[in-house]
Amino acid sequence: MTQPPHDEPTASSPEELREQVEQTRAELGETVEALAAKTDVKTRAQEKAVEVKEQAVAKAGELKEQTTVKAGELKAKAAALAHQTQDKLPDPVKDKATRAAEQARVKAAQAGRLWEDKAPEPVRQKTARGAQLARDNRNLLLAAAGVAVAVWLTCRRKG
């Protein structure tokens, strides 16, 4: 018979010996399971992939939220600049811009009728989708146009 480890007391009865053997078997089983889990590369790789995917999804959500906030801020700034620019424009310039816009609408309507008569159907469908997208983002486009006019006027004054 072998010597028991120094940190464990020796069994005083066969029943205690059986309990120690069972406890040792249970500990050995847990150790074997832990070692098997560490050597199961496929499972560990899958677990890591799931973890990385969850992190990526969380980061994408954060970035989307930040982008939405930043887009809202930029949209508000552009609108404010457009209003400031419109407020600073002299009345003759506003009147001239209104007349030019009306002329542009008339010409656009004429071009639209010509387009309907001459353009192939697939091209018209794609154009219609682009026009709908522009209508959906009208305020942003108008704000950008206002900013462009303000920049142009500022550059013109300096030059």
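K48 comes out partly exposed, at a relative accessible area of 47%; on this scale buried means under 20%, exposed over 50% and partly exposed in between (1.4 Å probe, protein chains only). The model is a predicted one, with local features needing pLDDT of at least 70 and side-chain atom pairs counting only at pLDDT 80 or more, while totals for chains, interfaces and linings use all residues. Residues are numbered from 1 along each chain as its sequence is written, and side-chain values use heavy atoms, with hydrogens and water left out.

The partner of K48 is E51: their side chains form a salt bridge with an N to O distance of 3.9 Å. The term stands for a side-chain nitrogen of Lys or Arg within 4 Å of a carboxyl oxygen of Asp or Glu. Both residues sit in helix α2 (residues 41-88), three residues apart, so about one helical turn separates them. E51 is partly exposed too, at 37% relative accessibility.

Further along come K59 and E62, again in helix α2 and three residues apart, about one turn of the helix. Their side chains meet in a salt bridge at 3.9 Å, N to O. K59 is partly exposed at 45% relative accessibility, and E62 is partly exposed at 42%.

Then there is the pair E73 and K70, with its closest N and O atoms 3.7 Å apart in a salt bridge. These two also lie in helix α2, three residues apart, or about one turn. By the same cut-off the count comes to six salt bridges.

As for the chain as a whole, five helices and zero strands make up its elements, in the order α-α-α-α-α from the N terminus. Helices (H or I, at least four residues) and strands (E, at least two) are DSSP runs, numbered from the N terminus. The radius of gyration is 38 Å, whereas a compact globule of 159 residues would have one near 15 Å; the value is taken over C-alpha atoms, and the globule rule is 2.2 Å times the number of residues to the power 0.38. The C-alpha trace spans about 110 × 45 × 25 Å along its principal axes. Of the 159 residues, 6% count as buried.
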